[in-house]
Amino acid sequence: MRAEVGRVNILVVDDRPEQLLSLEAVLAPLGENIVKAASGREALRSLLQEEFAVILLDINMPEIDGFETATLIRKRRSTLHTPIIFLTAHNDRAYVERSYSLGAVDYIMTPFAPEVLRTKVSVFVDLSKKTQKIRLQAESLRAHAEQLQRLNRAALTINSAMSLDAMVAAITEAARDVGCAHHAMTLVKLEKPGERARTAVSLSERYATFQQEAPPPIAGRLCAYVCGRNRPLRMTQRELSQHPEWLDDAGQRPPPRGYLAVPLTAADGQNIGTIQLSDRHDGEFSDDDETVLVQLAQLASIAIQNCVHAEAREANRLKDEFLATLSHELRSPLNAILGWTQLLRGEPFDEQRVSHGLEVIERNVAAQTKLIEDLLDVSRVATGKLRISAAPMALAPVVEIAIDAIRPAAEAKGLTIDVSLDPVLEVNGDVDRLQQVVSNLTANALKFTRPGDHILVSLRRAGAYAELTVRDSGEGIAPDFLPFVFERFRQADSTSRRTHAGLGIGLSLVRHIVEAHSGSVVAESPGLQKGSMFVVRLPLCGVERSSLAASMKEVRSRSLASSEAAFDLGGLHVLLVEDDADARELLQEVLSQHHAEVTAVASASEALAAFCAARPHVLVSDIAMPGEDGYELIRTIRQRPAHAGGDLPALALTAYARKEDQKRALDAGFHMHATKPIEPAALVAAVASLAARARAGELTCARERDPGDEINP
């Protein structure tokens, strides 16, 4: 608790210079600050600037005498109770009475004994120091109480985080808040297969107000040292300056106002990361700061482990549910196949009965084959081996074939399928895969629509996109399940009492196939028993530039500056970050053919160096890269103020194609997310769109983004 009190001020007021020197010599042994004033006016000016423990005041002075000066002193709230000792040669009783009436604490006749004056003054000096100490202690207690309140708020925020990444970000913000620091960083490293390290940085507005000032780096060696010793570390700026070996670079400047780090520790005592602070708002980091940060680290460590265990439990639950469902879905067709096979081998049946039995066997074989094919497709998606053989194709016949295949099942259930197709729409796609998309969506609608209702399938042009809509009037989707409808193995009802069969992978495959075609798919539903609608958008072939510009305005609610902006990238400087040499060469060639100036690099560190050397207009970055990944790169850029390039338009181009991967990229700071492989035209259109939207000032942060922005280019 900081409650240190330094030297206090003593004000000596006398119009005689020799008397001022004499009083200064008498009081010098006290070791305090002696402030001299040669008049009442000068004394009042001093009181406006400083706080004094005691005032020694002469009575007879020109212009404003001692009594008038004391009267003015007592009229100010800040000096109402400042002790005043009158020093005078007058022994008049009226002088003494008036002195005490003005609140004087003593009246000393000159000449006086130096020791007596020092003793009397020292009493008020000690009283002033004790008062200041009590005040400082009260301020320290109040600041500590505020820190504890922030700690309580931080605990609620941290424990309400929905994911580990969000939790690490919340921990970092909370640490900077409770530690009253300008710079905070959190590192979480979980020693588990497949678990990557998480980092988050939080900066105050201090670094956004100065164009040339960058946040002080937190040394990696210090971080490693704290993780290794698994104990807190607190160092002043001076201590860091005296030990340059702690800094990663000999030229690196130590963080101003010190450094404080505490470890994150698992239940078994193993280190799982650190919370680090630098550059305190006021003064060096204190014992109180360290204590509060240790408490925050303990709360954070528990929350992190709970989050990891909850994710593991949820993954195990989903796995167990899936295996149970898979067993049921595979065994049910086998039961029908085996049963009818044994019946047909046994007693003889008439031709109609035999035909029916073979039909049942054939139908169940087809159902089991479909399950196996879907499982294989899920495996291909998970391993990145789902192949799309794209070629220009008419979309309407594909939709018709899929509808015709499912129509008998719909008629058997008493459902009608209304179809409205634009016959001239062409896309660059894989016939078999797109037929699989239509089949899965219509089969899903068929499954959840009540007998006697209808399903509407429409295909129309929406700007530069073909828009396929499958709408049903069936059971609908609950609002809390709607965000998870495209996740694999997720089902609204996975219990043994569920009404509808399936593995929960059909819609997941729809999303992956559509996104592999540079398209998007969304699900909408007003709620349970109110039906649902799935909308697929696929980029059209042979679209005129003016049409593409119009589609950008319709689909994304954006407008391009001109029709040429969609494909002509002349004048644009694009920073391309891709660690795979072949992919980097291809992307650079595509952009260069459209007249863009391309700086192609292989890592995040090279990208930052290129960014500082020549600021680009658009960033196109891979996500998975050795060392720093694309998320860390974009977060580093976003930490800069807008005038220093912090608002750089950015496209994440990655093989991570899940919905959560898209959301994570957008939340990290990218403006668009596209999955590999990407068509050259789609890449060029995305870069042109980002550049045009940046010029129009329409790019927004992830928290303000419309849902339409989360559409792959």
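Which residues in α15 meet which residues in α19? Before the answer, a word on the model: it is predicted, so local features need pLDDT of at least 70 and side-chain atom pairs count only at pLDDT 80 or more, while totals for chains, interfaces and linings use all residues. Residues are numbered from 1 along each chain as its sequence is written, and side-chain values use heavy atoms, with hydrogens and water left out.

Now to the helices, which, like strands, are DSSP runs numbered from the N terminus (helices H or I, at least four residues; strands E, at least two). From α15, L587, V590 and L591 meet P680, L683, V684 and V687 of α19, where contact means heavy atoms within 4.5 Å. By class, this contact has 7 nonpolar, no polar and no charged residues; Ala, Val, Leu, Ile, Met, Phe, Trp, Tyr, Cys and Pro count as nonpolar, Asp, Glu, Lys and Arg as charged, and the others, Gly among them, as polar. Helix α15 (residues 581-593) packs on helix α19 (residues 680-695) at about 65 degrees, with the axes 10 Å apart. Axes here are lines fitted to C-alpha atoms, for helices over the stretch in contact, and angles run from 0 to 180 degrees between N-to-C directions.

Let's move to an open sheet of 5 strands, ordered β2-β1-β3-β4-β5 with parallel pairing; two strands pair if DSSP finds at least two bridges between them. β2 (33-37) and β5 (106-109) stand at the edges with a single partner strand each, so one side of each has no neighbour in the sheet. Inside the sheet, β3 (residues 54-58) and β4 (residues 84-88) are joined by 4 bridges, and I55 stands opposite I84 in β4. Helix α3 lies across β3 and β4, running at about 175 degrees to β4. Helix α4 also packs on the sheet, touching β4 and β5.

F67 and Y95 sit edge-to-face, 5.6 Å centre to centre with 65 degrees between the planes. (Rings of Phe, Tyr and Trp, the last by its six-membered ring, pair if their centres lie within 6.5 Å; planes under 30 degrees apart count as stacked, over 60 as edge-to-face and the rest as tilted.) F67 lies in α3 (residues 66-75) and Y95 in α4 (residues 93-101), so the pair ties together parts 28 residues apart in sequence. F67 is buried, at 4% relative accessible area, whereas Y95 is partly exposed, at 24%; buried means under 20%, exposed over 50% and partly exposed in between (1.4 Å probe, protein chains only).
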